[in-house]
Amino acid sequence: MRKLTVLSLLLLLLAACQNKGNTQDAQQSIDSPSQSVTEKEVQQNEEISTLQEKEDIPPEYLDETNYTGDQLEIVKLMNARMRYLYESDEKGYKNLFDPQSPISGMGRYKIRKITSISDIIIQEQKKLFQVAVTITELRENDKEYINTMVFWKKKEDGDSAQWVIADID
């Protein structure tokens, strides 16, 4: 009889322990969905803040100390273009372009930096000075785009002539 009582107690204890384990497992499975939802929310918030940080990063401008004269004026135009795109200043952006330019509006992207630039070689034409510069831009989406920028300085304007952007291909 004594053995039967001890055996019953052991079975009862074993059942209680097993029940406690199932209760913990059940509690974890109840907590798990809410935990994964919370983790997903945190991950989404981190992705949104990362995208906002990328958008809010000011452009890395070309170093103007490496240039002089007309070449400096052209580099200043490139930097101003980046700044106006970053600030979404369409009026300032349009003022960089020649009135006869085919560019009619501002792009809806931001340039993080210009990663390469070809030599700035000024060519004299009959009525103007012209420069075509190939650049590689790193945009906010971390993709690189190659553009050729054409600049003009009209001879008819004499000493008051200013470099302007004629086109971007």
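The model is predicted, and local features need pLDDT of at least 70, side-chain atom pairs count only at pLDDT 80 or more, while totals for chains, interfaces and linings use all residues. Residues are numbered from 1 along each chain as its sequence is written, and side-chain values use heavy atoms, with hydrogens and water left out.

I begin with the chain as a whole. Of its 169 residues, 27% are buried, where buried means under 20% relative accessible area, exposed over 50%, and partly exposed in between, with a 1.4 Å probe and protein chains only. Among contacts with a separation of 6 or more, 47% are between residues 24 or more positions apart; a contact means heavy atoms within 4.5 Å.

I turn now to the strands. Two strands pair if DSSP finds at least two bridges between them. Which strands pair with S3? Strand S1 (residues 111-117) is joined to S3 (residues 128-139) by five bridges, and the two run antiparallel; here serine 116 stands opposite threonine 136. Strand S2 (residues 123-124) is also antiparallel to S3, with two bridges, and S2 and S3 form a hairpin with three residues between them. Strand S4 (residues 144-154) pairs with S3 in the antiparallel sense over eleven bridges, and valine 150 in S4 is the bridge partner of alanine 132. The S3 and S4 hairpin has four residues between its strands, and aspartate 142 in the turn has a positive phi of about 65 degrees.

Next, the charged groups. How many salt bridges does the structure hold? There are eight, a salt bridge being a side-chain nitrogen of Lys or Arg within 4 Å of a carboxyl oxygen of Asp or Glu. Glutamate 124 forms one with lysine 155, the closest N and O atoms being 2.7 Å apart. This pair links distant parts of the chain, with glutamate 124 in strand S2 and lysine 155 in the loop between S4 and strand S5 (164-168), 31 residues apart. Glutamate 124 is exposed at 56% relative accessibility, and lysine 155 is partly exposed at 30%.

Arg81, Glu137 and Arg139 are linked in a network of salt bridges.

Finally, a search of the whole structure finds one aromatic pair. The rings of tyrosine 93 and phenylalanine 97 have centres 5.1 Å apart and planes at 50 degrees, so the pair is tilted. By definition, rings of Phe, Tyr and Trp (its six-membered ring) pair if their centres lie within 6.5 Å, and planes under 30 degrees apart count as stacked, over 60 as edge-to-face and the rest as tilted. Tyrosine 93 and phenylalanine 97 are both buried.
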